[in-house]
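Thanks for sending this one over. Here are my notes, in numbered points, to read with the model open beside you.

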Amino acid sequence: MTGQQRALRWLAAGVLVLWCGVFLRAENTEKSMVRALILTPPTVAVQSWMVSLLYQFPEAAADASDAAAQVQLCTGQGNTLQTALIEAERGLPRKASYRLCEYLLLNAETTLKTIRQAETVLKEEPVQSLSARVLCMDLSGEELAAADGENELFPEQLLQAVKEAAPQAPHLYESRNALLAPVLILTDGAIENAEKMLLLTETGNTRLTPAESQMAQLLLGQSGEYTFPLGSGQVTFRRCVVSVEAVEDGFAVTLTGQRRAGTALPTAAQCAALEQLCVRTVQRCWENGYDLLSLGAVRALKQGTGREALTTKNACPQVQADVSFLQF
């Protein structure tokens, strides 16, 4: 090996060591790991944006999915979302890192139009949270700050409640024409899932009942068990296959599911009640601007795109549901 080759090898080793040092310095625990963004848009009473950050410091390493540091909350206000975000980051002990930011929490009065504004900002800022899960809260920014001041464990409890509700929450990038999000509420100082999902559209929002919320998730194909309290007991879908077919001027929706092991086969009356709930949920979402089962696409697939488009601007088409359970 020539002297020149040895020099090059030593140079390469030095560059590698230097790069590793820079990387470790950049990704060590000396950063404030933001776990969730909480946005409160301007209201009639408060003419400014409020941004709160749920963060952990200093044990929250950038590659730790379950950081051990205590969760804390800091808040900022501004005339725009950008300025409010900058003000919130000033309350962090170290520079913000959003690598673990998996959740976007919004005030329950938020509309899809507000989410569009947030998307525009988040695409330009280092947050890059378009894959974040979207949840809503029945809390204003002021109420959130007050709860944090009264209970130092509130941020930890809030993050835990968010994690538990997250499987029901859509991703931000899924917010096309509407968004169906779980709602967190504060009850006797404790944060919990209201079990009433919020349907956000361009013009407003609609709160579904707990039964409609469960049925909407089932019709959307979300995995999990769904339990429906009925007059004569309760029925649980363990697994369910949903099919939609265009029939003449209406649609036939078929739900074929499995019951929970060890439970009796649902009666005809219980199936009929579930069928009514299915139709009511589809109609309610349609009337509020959300084609829950993509009926327009189903009709276009059968009749072709040359026909008049079926959209939520028209009256809801007739829907007939059929619910059955496999025997085992």
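At what angle do helix 6 and helix 7 pack, and how far apart are their axes? Let me begin there, keeping in mind that this is a predicted model.

1. Helix 6 covers residues 210-219 and helix 7 covers residues 268-287; they pack at an angle of about 85°, and their axes are 9 Å apart. Angles of 65 to 115 degrees count as roughly perpendicular, so helix 6 is roughly perpendicular to helix 7. On the helix 6 side, the contact is made by Ala211, Glu212, Met215, Ala216 and Leu219. Helix 7 brings Leu274, Leu277, Cys278, Arg280, Thr281, Val282 and Arg284 to the contact. By type, the residues of this contact divide into eight nonpolar, one polar and three charged.

2. Four strands form an open sheet in the order 12-13-14-15, and the pairing is mixed. Strand 12 (226-230) and strand 15 stand at the edges with a single partner strand each, so one side of each has no neighbour in the sheet. Ignoring direction, neighbouring strands here are turned by 40° against each other on average.

3. Both helices of point 1 pack on this sheet. Helix 6 touches strand 12, strand 13 and strand 14, and its direction makes about 140° with that of strand 12. Helix 7 touches strand 12, strand 13, strand 14 and strand 15, and its direction makes about 140° with that of strand 15.

4. How do the strands pair in detail? Strand 13 (residues 233-247) and strand 14 (residues 250-259) run antiparallel and are joined by 10 bridges. Within strand 14, Leu255 stands opposite Val242, and Arg259 is the bridge partner of Phe237. The hairpin of strand 13 and strand 14 has two residues between the strands, and Glu248 takes a positive phi near 50° in this hairpin.

5. Strand 14 and strand 15 (residues 319-325) run parallel, with seven bridges joining them. One of the partners to look up is Ala321 in strand 15, the bridge partner of Val253.

6. The aromatic rings deserve a point of their own. The structure holds two aromatic pairs. Phe228 and Phe237 form an edge-to-face pair, 6.0 Å centre to centre with 90° between the planes. Are these two residues buried or exposed? Buried means under 20% relative accessible area, so Phe228 counts as buried at 1%. Phe237 is likewise buried, since its relative accessible area is 1%. Ring pairs also bring in Phe325, linking Phe228, Phe237 and Phe325 into a cluster.

7. Finally, the overall picture. The protein has eight helices and 15 strands. Of its 328 residues, 42% are buried. Among contacts between residues at least 6 apart in sequence, 63% join residues at least 24 apart.

Definitions and conventions
Residues numbered from 1 in each chain as written. Predicted model: local features only at pLDDT ≥ 70, side-chain atom pairs only at ≥ 80, totals over all residues. Heavy atoms only, no water. Axes fitted to C-alpha atoms, helices over the stretch in contact; angles between N-to-C directions. Parallel < 35°, antiparallel > 145°, perpendicular 65-115°, else oblique. Contact = heavy atoms within 4.5 Å. Nonpolar A, V, L, I, M, F, W, Y, C, P; charged D, E, K, R; others polar. Pairing = 2+ DSSP bridges. Phe/Tyr/Trp six-rings, centres within 6.5 Å; stacked < 30°, edge-to-face > 60°. Buried < 20%, exposed > 50% of the residue type's maximum accessible area, 1.4 Å probe, protein only.
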